[in-house]
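Work through the exercises below with the sequence and the 3D structure at hand. Each task is followed by a stepwise solution.

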Amino acid sequence: MAERVVIIGSGPAGWAAAIYTARASLEPLLIEGEANQENFDLGRPPLGQLMITTEIENYPGFPAGNLESYLKGAIDESRQHMLGPHSGHGVSGPELMALMQQQGINFGTRVLSEDVTNVDLSGHPFKLTTSSGNVIEANSLIIATGARANYLGLESEKTFKNRGVSACAVCDGAMPRFRNKPLVVVGGGDSAMEEATYLTKFASKVYIVHRRDEFRASKIMAQRVIENPKIDVKWNSVVDEVLGDDQNGVTGVRIRSTLDDSVTEELEASGYFAAIGHTPNTEFLGGQVDTTDKGYIVWPVSHRTNTTVEGVFAAGDCADDHYRQAITAAGSGCSAALDAERWLAAKGLD
Ligand code: NAP
């Protein structure tokens, strides 16, 4: 029998959709993705991008404080490995996700730890094929697969991946190879500011390489960077090559001026962190749902989460290249749940 609601994706959008559809007695099935190395390497782990961030300062309802006893009381013992040590700070990304997951499970959400490899949206119910070859039928679908970090596309980034090249300072920054050494972060947005600031905990010095002469980042985060004596900004510059060798991995980068192509400089560094934006995880849809030229799912009706396929809804970063915040993702997950619930009711499929 077809599922009434299948949610693909397990970040804030997916779990908000699960909480709402579960409370509406729709018994949602949430497909969270596989916890394999490839998904971690690509920056799309189960429970989403908050799993690779540290403290969440801007999610309403979670001020800094001693959350320890609450977290231990709220989250099942089997999932308490996601809790960090607490000493008065705010909630961490993994903790916030563990809470959302627990809330969804408390209301009866079922979880499948596989990837969706293929969808057939040409008929109804929709058909989803998962990585184990399972075929799942769904009367309605909420796509909440998020987005993943971009790289510059240099061959040398691939060569030294996991040997000094990373797109996640929070995941990798504490590794011995990055300690007390100079590191490089590329980008000028909030992610680059966050990564660079975080890396100053470990590095002897952090270079930010940015292609323009001003940051895109929010003022408060940019100001923290400018005032940090351990950060040196290389303005109007791009990384031409990640330098390294077999024995040591990354040993530096070669940068080129964007003002005068002929001017290059080599920076010694044991790590290179790309922080230049994201790509939505929508390839598996095979073009069956309309997307923008960057692959973000289109919401054709203003203030609704409908996609161009009736009965298919989208929420979070896979459809939103503008706000891209945990709170906006969760908000659109809620909207998608309500839209799906109303659509099912109108079709008599609830
Ligand atoms: P972003 O705002 O799109 O910034 C990407 C940066 O990378 C830009 O500075 C861009 O340069 C640069 N860039 C892109 N492609 C490049 C290339 N090929 N070569 C060199 N540089 C390149 O992405 P983001 O920083 O990941 O932030 C995404 C969203 O998440 C934003 O809305 C941000 O506010 C939010 N965010 C919030 C927090 C927080 O509040 N704690 C933390 C992280 C992210 P240009 O500026 O020249 O375009």
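**Exercise 1: strand pairing**

Gly252 has Glu268 in β14 as its bridge partner. The model is predicted, with local features needing pLDDT of at least 70 and side-chain atom pairs counted only at pLDDT 80 or more, while totals for chains, interfaces and linings use all residues. Residues are numbered from 1 along each chain as its sequence is written, and side-chain values use heavy atoms, without hydrogens and water.

Task: determine which strands form the open sheet and in what order.

Solution. 
1. Strands are DSSP runs of E, at least two residues long, numbered from the N terminus. Two of them pair if DSSP finds at least two bridges between them.
2. Strand β13 (residues 249-257) is joined to β14 by 5 bridges, in the antiparallel sense.
3. The open sheet has 3 strands in the order β12-β13-β14, paired antiparallel.
4. β12 (237-245) and β14 (264-268) are the edge strands, each pairing on one side only.
5. From one strand to the next, the twist averages 25° (axes are lines fitted to C-alpha atoms, with angles from 0 to 180 degrees between N-to-C directions).

**Exercise 2: cysteines**

Solution. 
1. A disulfide is a pair of cysteine sulfur atoms within 2.5 Å.
2. Cys318 is in none, and the nearest cysteine sulfur, that of Cys334, lies 16 Å away.

Task: classify Cys318 and Cys334 as buried or exposed.

Solution. 
1. Buried means under 20% relative accessible area, exposed over 50%, and partly exposed in between (1.4 Å probe, protein chains only).
2. At a relative accessible area of 0%, Cys318 is buried.
3. Cys334, at 16%, is buried.

Note on methods: Helix = DSSP H or I, 4+ residues; strand = E, 2+ residues; numbered from the N terminus.
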